[in-house]
Amino acid sequence: MSRAQAPYTGVAVCAPITVPYQRFSAEPAHWWAGRALRLLHENTGLRPADIDGFCFSSFSCGPDTAVGMTQHLGLTPRWLDHIPTGGASGVMALRRAARAVQCGDAELVVCLAADTNQIDSFRHSLAGFSRFSQDAVYPYGFGGPNATFALITDAYMREYGVTREDFGKLCVAQRANAGSNPLALQRKPLSLDAYMAARPIADPVHLFDCVMPCAGAEAFIVTTPERAEELGLKMAQILATIERHNAFPEDPVQLRGGWAMDIEGFWQTARITPAEVDTLQVYDDYPVIVAMQIEDLGFCNKGKVGEFIRANEFTIDGDLPLNTNGGQLSAGQAGAAGGFQNVTEGLRQILHAPLGDQVPDASIAAISGFGLVNYDRGVCTAAALLEALP
Amino acid sequence: MTAARERRDPLARKKLRHVPSGLRSRAMHALSARAAQGLFALQACTECGTATYPPRDACPLCWGELAWTEQPSGAKVLCETTIRVSTDLYFREHMPWRMGKVLLDAGPVALVHLHAALHPDDRADVRMMIDRGGNAALFAVPAGDTDLMSDPQWREFIVPIEGRIVLVSDARNAIGRAMVKELQARGAELIVAGLPGPALASDATDAVLTLDRVQAIALDVTDATSVAEAASRIGGPLDIVVNTARHVRAGGVSANPGFVEQRRAFEVSAMGLSRLASTFAPMLAGRPNGAFVDVLSSAALVGDAAQAGFAAAEAARHSLLQSLRHEMRGAGVRVMSVFTGPVDDADHQALPPPKVAPARIAASVAEALLNGREQTCVGDVAQDAMERWLADPALLAREKNL
């Protein structure tokens with residue numbers, strides 16, 4: 001990156017919203033989006049006319065897009081975006097909305113992700129997910145993302161000597177974090193023995209390496225600090241963001257993500273180091289991707305994540321509180337909303353309004369997204385650093 | 001024949017046969033069309049030469065046009081998994097399923113079906129197969145000679161002969177006789193040998209018809225009643241039909257038309273195929289690894305003034321075969337075309353070589369089954385005709401009718 005990233009001056013992030021997840025829902029994505037806006041109204045007093053920017057993400061809203069949502073939900077925005085990047089969509093919505101607000105294209109942007117999960121809808125959404133998937137992935141056993149990430153996990157474990165016990169420690173910590181989150185779908189304590197003894201799904205991926213698809217919605221607001229103050233909302237500022245797609249296409253297997261291309265500028269722009277981060281919220285479709293983000297975001301050297309996991313604790317009271325709501329592995333994966341919960345949970349922790357236990361004295365959150373297995377790897381990566389404003 | 005074989009409860013619930021999803025892009029269908037011919041072809045850029053996979057519509061390195069080119073099939077295994085859970089009905093019946101990722105010698109990486117003996121860092125040979133849904137699928141097998149048949153996953157991509165029950169539609173002609181012998185030697189459990197026309201006194205002592213595990217049966221593909229009676233006599237399961245019926249005669253269109261011969265050619269080649277298909281397709285569809293193999297002439301590809309009626313009837317047969325393939329895809333029954341040029345038999349007494357020995361055609365049918373090959377051309381004449389037809393069908397039509 002030759003040009004330095006402009007700072008996000010005059011931008012405030014606030015009002016994290018989570019509509020309680022359900023394992024299955026007969027309601028469509030539109031209903032979940034509506035619930036999120038209603039909760040937003042209850043928390044902030046905002047009405048449709050107050051929203052002049054709208055950024056939407058969903059896999060299950062078809063045949064509608066953000067366009068249909070405006071009419072459906074009674075919005076008249078002067079700035080509109082639809083983000084199809086799944087697990088990276090939260091950070092991407094954040095950085096797009098931030099620039100819109102900073103440049104005056106909009107004053108108050110609602111970023112919203114909503115997905116439903118009807119019986120059997122997971123199978124259908126898999127079947128038509130992407131052209132490369134239908135042509136060259138699903139015909140090979142139709143294992144879905146489990147098989148794709150099994151291959152990545154297999155290669156990653158061989159290359160870097162990471163063990164199932166290492167992944168298990170991350171999953172067990174996240175389950176412990178979910179224990180205090182009343183909205184998490186899976187709160188029953190998980191022991192390392194139970195993790196190790198779980199049934200194999202696609203070797204070496206076992207049951208507790210997999211997320212539980214569910215229905216849900218997540219939202220947050222990006223606006224000016226002045227407007228946030230008028231609304232009486234606690235707020236955070238953006239220290240830095242990055243985004244990258246189809247990074248390292250020449251790598252035969254995805255052992256690193258797009259973060260690695262841009263990470264130096266990320267920390268330089270933010271003028272902090274990983275050691276100053278109070279809580280890390282990363283996309284956790286599978287623990288191998290959590291491990292990959294810990295490395296590629298610079299929390300440890302590449303290839304050393306096994307040692308790092310063994311030397312640190314990831315619970316809310318640990319050295320590096322990780323996915324403090326339980327993450328998708330324990331809270332549930334509500335489609336594109338799964339790509340927003342890293343933002344909403346990170347925001348809650350630094351605004352000191354958590355769903356469950358509070359990370360003590362948290363003021364800086366690192367947030368990372370990873371999305372869209374188009375063929376053999378996640379294509380979209382993004383990350384952001386948020387700091388609470390006094 | 002029926003008495004010795006197991007009878008089924010007609011009210012018992014039938015086992016449904018599922019096939020893998022058939023949704024594919026147009027570029028992927030182009031790959032399948034090449035896989036059906038037994039080619040290991042990938043797209044390569046016409047500008048920078050880079051091979052690409054999965055099929056695309058532009059070169060990802062320079063945005064140049066892509067063209068299908070044959071590529072080396074060697075590869076190195078990068079990683080593996082054994083899938084134990086799937087939401088797909090076909091794969092659920094075949095769990096666990098091994099797949100992996102390979103780095104092709106041609107350049108790209110590919111997800112592949114993985115042979116049981118292969119593991120990361122192993123060298124592999126990647127076979128371009130056709131899956132049960134009729135689409136191209138890459139299957140990595142160990143490099144060198146290996147017993148592939150012992151891998152149950154591999155058997156999903158081919159049609160075993162050993163232990164199967166096979167109908168040869170016309171065992172009276174030279175191709176059919178060779179076919180019966182071949183199937184018998186390959187260990188088929190029962191070969192039903194169809195005999196058109198009246199039984200001959202010599203049938204009782206015929207060297208082929210009296211082979212062990214061979215049962216002669218009256219079968220005239222030009223007669224619907226005869227076909228129905230044959231099906232009822234077979235009664236029990238039927239795994240494979242090999243259609244060897246044909247009526248080869250010279251003759252033109254306006255000059256020396258031979259209407260009786262022309263009509264007969266259509267009755268055998270075209271209507272005969274339809275009669276066989278309508279009667280036996282439901283029996284094949286009830287079987288795992290069912291197949292319908294049709295031996296047809298490369299004269300089917302373009303008109304041929306020297307044998308106008310025969311070529312036209314074979315063209316109709318070729319056309320019907322493509323439609324039958326579509327119909328059988330949903331049931332997972334493979335429809336295979338084995339093209340041959342002039343055969344070294346009584347039908348081609350007047351022709352000089354090259355002619356194909358009936359035994360070679362029979363061996364090619366067996367190879368097609370055992371390799372899951374959708375389309376095969378036996379002998380120089382058929383291969384040459386297919387190459388010229390693929391390259392320039394309009395030119396071939398002109399050259400065959402000069």
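The model is predicted, so local features need pLDDT of at least 70 and side-chain atom pairs count only at pLDDT 80 or more, while totals for chains, interfaces and linings use all residues. Residues are numbered from 1 along each chain as its sequence is written, chains are lettered from A and ligands numbered from 1 in the order in which they are written, and side-chain values use heavy atoms, with hydrogens and water left out.

**Contact between the chains**

- The contact, meaning heavy atoms within 4.5 Å, draws 30 residues from chain A and 37 residues from chain B.
- Between them the two chains bury about 2900 Å², of which 59% lies on carbon and sulfur atoms; buried area is the accessible area (1.4 Å probe) that two parts lose on being put together, summed over both.
- Of the area that chain A buries against chain B, 24% comes from D135(A), Y140(A) and L151(A), more than from any other three residues.
- There are 16 residue pairs in polar contact between chain A and chain B, both residues being at pLDDT 80 or more; a polar contact is a pair of N or O atoms within 3.5 Å, where within protein one must be able to donate a hydrogen and the other to accept it, and residues adjacent in sequence count only if both atoms are side-chain atoms.
- On the side of chain A that touches chain B, two or more residues come from each of α4 (121–127), α5 (131–136), α6 (144–160) and β5 (200–202), and α6(A) gives the most, with six residues; helices (H or I, at least four residues) and strands (E, at least two) are DSSP runs, numbered from the N terminus.

**Salt bridges**

- Over all chains the structure has 40 salt bridges, and four salt bridges lie between chain A and chain B; the term stands for a side-chain nitrogen of Lys or Arg within 4 Å of a carboxyl oxygen of Asp or Glu.
- D57(B) pairs with R131(A) in a salt bridge whose closest N and O atoms are 2.6 Å apart, and this pair crosses from the loop between β2 (51–52) and β3 (66–70) of chain B to helix α5 of chain A.
- A salt bridge also links the side chains of E80(B) and R158(A), at 3.3 Å from N to O.

**Cavities**

- The structure holds eight cavities of 30 Å³ or more; on a 1 Å grid over the protein atoms alone, a cavity is a set of points where a 1.4 Å probe fits but cannot get out, and lining residues have an atom within 4 Å of a point.
- The largest cavity has a volume of about 130 Å³, a volume being the space filled by probe spheres set on the grid points, which are joined across faces, edges and corners.
- The largest cavity is lined by 13 residues, and I130(B), G134(B), R334(B), V335(B) and E374(B) are the closest to its centre.
- At least two lining residues of the largest cavity come from each of α7 (308–329) and β14 (334–340) of chain B.

**Backbone features**

- D203(A) and P204(A) are joined by a cis peptide bond with omega about 5°, and P204(A) sits in the loop between β5 and β6 (205–206) of chain A.
- P353(B) and P354(B) are joined by a cis peptide bond, with omega about 5°.
- W63(B), a residue other than glycine, has a positive phi near 65°.

How values were computed:
1 Å grid on protein atoms, 1.4 Å probe; cavity = no way out; pocket = protein on both sides within 12 Å on 5 of 7 lines; lining within 4 Å.
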